[in-house]
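Hello,

Here is the structure we talked about. Please open it alongside this note, and the findings follow below.

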Amino acid sequence: MNLSEEQIQLRDWVHEFANGVMRPAASEWDEREETPWPIIEEAARIGLYSFDFIANSYADKSGLTMAIVNEEMSWGDAGLALAIFGTTLGVAGIFANGTPEQIGEWIPQCFGTVEKPALAAFAVTEPDAGSDVSSLRTNAKYDPSNDTWTLNGTKTWITNGGIADVHVVVASVDSALGSRGQASFIVPKGTEGLSMGQKFKKLGIRASHTAEVVLDNVRIPGSMLLGGKEKLDERLARAREGRRSSTQAAMATFEASRPIVGAQAVGIARAAYEYSLEYAKERRQFQRAIIENQAIAFRLAEMAMKIEASRLLVWRAANMAATGQKFTMGEGSMSKAFAGETAVWVTEQAIQILGGYGYVREYPVERWYRDAKIYTIFEGTSEIQRLIIARAISGLQIK
């Protein structure tokens, strides 16, 4: 788990951007609750937000590069980091389900150009289908006479939803098969019938755009079905015969992204820990620094232990995914659940260490606390992660 010299240089480069560009702007964009286009454009200008950067990061055989990058970015600010890298969810959906031709055509369009950056969105969750992905009501109907698909439904809690240049939409093509009867589709910006519904005002990660996506008789050509019709028909036939399918449209993306989400949580936790550690060294009460009290020192020691454990779980899962090892114990879910809960706990402890100062907006720890909470909810709640782990270690279909 030692980082290479190249990885260390990359980490330091990203950290410089996080420290010099993101942190000074974090409070402003948290208050504005708008997509931070100047920050995205600056990331694109230096090559941080680009197809080449993401492709090279994912090509790292150790699997650690994307985890390192996401930790540093979220150390800068989680809302800004998600505004910049929320596109990678759509990219992961295309990469996990698309043909080589679709990957080559659409992933570059997710990022746009240096002069005009673009965004992508991955649309799965619905008002009545959150953790239960098998309950999706958004449907896709195929018309063989003109090789088109028609999509209808509403997606919710979608990062970049409605403003993205490329939407990757998971829809049901055979509701009787549940999650095995779903497929992923590309819906470009400007497609007739595609619109943004409600934009959500959130507790945290406010710089990241989250909204509903409405699909009203959205017609797209057959080429927009990720993986192609022949592959879909083969998968549906296996499912109807009761045979297991190797992939499911939504889960294939989540499995790839969980360690990366865990890395983001580690970044938030580390930011809060470092800030409260320095504060505890400087803040004096009763003629000594408050860190000289065991209650504070032990709290900080526990924070450090949990952050280090979280990072190791994240790195292990990322390495396993990159090297083709199966998650036999739910290692991806372990990394995401533990890191997410650590971020919530650490940021709460940071507020406690700062006391009243931790509760006001002039100090960043209250924002980190608000940002951290989502990491026990999105990309699969902590309860769902425990269900996945329990199924993996028991071999039983626990419900």
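About 30 Å³ of space lies in the second largest cavity. Please keep in mind that this is a predicted model. The structure holds two cavities of 30 Å³ or more.

The second largest cavity is lined by Ala-26, Asp-30, Asp-77, Gly-79, Ile-205, Arg-206, Ala-207, Arg-367 and Asp-371. Five of these lining residues are charged, three are nonpolar and one is polar. Helices H1 and H12 (365-372) each supply at least two residues of that lining.

Ile-205 deserves a look of its own. Ile-205 sits in the loop between strand E6 (194-199) and strand E7 (210-221). Its phi is near 40°, a positive value in a residue other than glycine. Ile-205 counts as buried because its relative accessible area is 6%, under the 20% cut-off.

Gln-287 also has a positive phi, near 70°, and is not a glycine. Gln-287 lies in the loop between strand E8 (284-285) and strand E9 (288-289). Is Gln-287 buried or exposed? Gln-287 is exposed, because its relative accessibility is 73% and the cut-off is over 50%.

**The second largest pocket**

Now to a pocket. The second largest pocket has a volume of about 230 Å³. Its lining is made of Ser-4, Glu-6, Gln-7, Gln-9, Leu-10, Asp-52, Phe-53, Asn-56, Ser-57, Asp-60 and Thr-65. By class, six of them are polar, three charged and two nonpolar. Helix H1 (5-32) and helix H3 (51-58) each give at least two residues to this pocket lining. H1 also supplies at least two residues to the lining of the second largest cavity.

Strand E5 (residues 182-188) is mostly covered, with seven of its seven residues buried. In a regular strand the side chains alternate between the two faces of the sheet. In E5, Gln-182, Ser-184, Ile-186 and Pro-188 point one way. Ala-183, Phe-185 and Val-187 point the other way. Both sets are buried.

Strand E4 (residues 166-172) pairs with E5 in the antiparallel sense, over seven bridges.

Ala-171 counts as buried because its relative accessibility is 0%. Beyond its neighbours within four places in sequence, Ala-171 is in contact with Thr-138, Asn-139, Ala-140, Gly-181, Gln-182, Ala-183 and Phe-185. The C-alpha atoms of Ala-171 and Ala-123 are separated by 9.0 Å, and the two residues are 48 residues apart along the chain.

In soluble globular proteins, nonpolar side chains tend to be buried together. Here the largest nonpolar core has 106 residues. Which of them touch the most other members? They are Met-73, Ile-84, Ile-94, Leu-151, Phe-185 and Ile-353. Helix H9 (residues 249-282) gives the most to this core, with 13 residues.

Not counting residues up to four places away in sequence, Ile-353 touches Ser-276, Tyr-279, Ala-280, Ile-290, Ile-296, Arg-299, Leu-300 and Met-303.

Gln-264 is placed in H9. Why does Gln-264 count as buried? The reason is its relative accessibility of 8%, under the 20% cut-off. Leaving aside neighbours within four places in sequence, Gln-264 is in contact with Asn-70, Ser-74, Leu-82 and Tyr-375.

Best wishes

Technical notes:
Residues numbered from 1 in each chain as written. Predicted model: local features only at pLDDT ≥ 70, side-chain atom pairs only at ≥ 80, totals over all residues. Heavy atoms only, no water. 1 Å grid on protein atoms, 1.4 Å probe; cavity = no way out; pocket = protein on both sides within 12 Å on 5 of 7 lines; lining within 4 Å. Points joined across faces, edges and corners; volume = space filled by probe spheres on them. Helix = DSSP H or I, 4+ residues; strand = E, 2+ residues; numbered from the N terminus. Nonpolar A, V, L, I, M, F, W, Y, C, P; charged D, E, K, R; others polar. Buried < 20%, exposed > 50% of the residue type's maximum accessible area, 1.4 Å probe, protein only. Pairing = 2+ DSSP bridges. Core = buried A, V, L, I, M, F, W, Y, C linked by side-chain atoms within 4.5 Å. Contact = heavy atoms within 4.5 Å.
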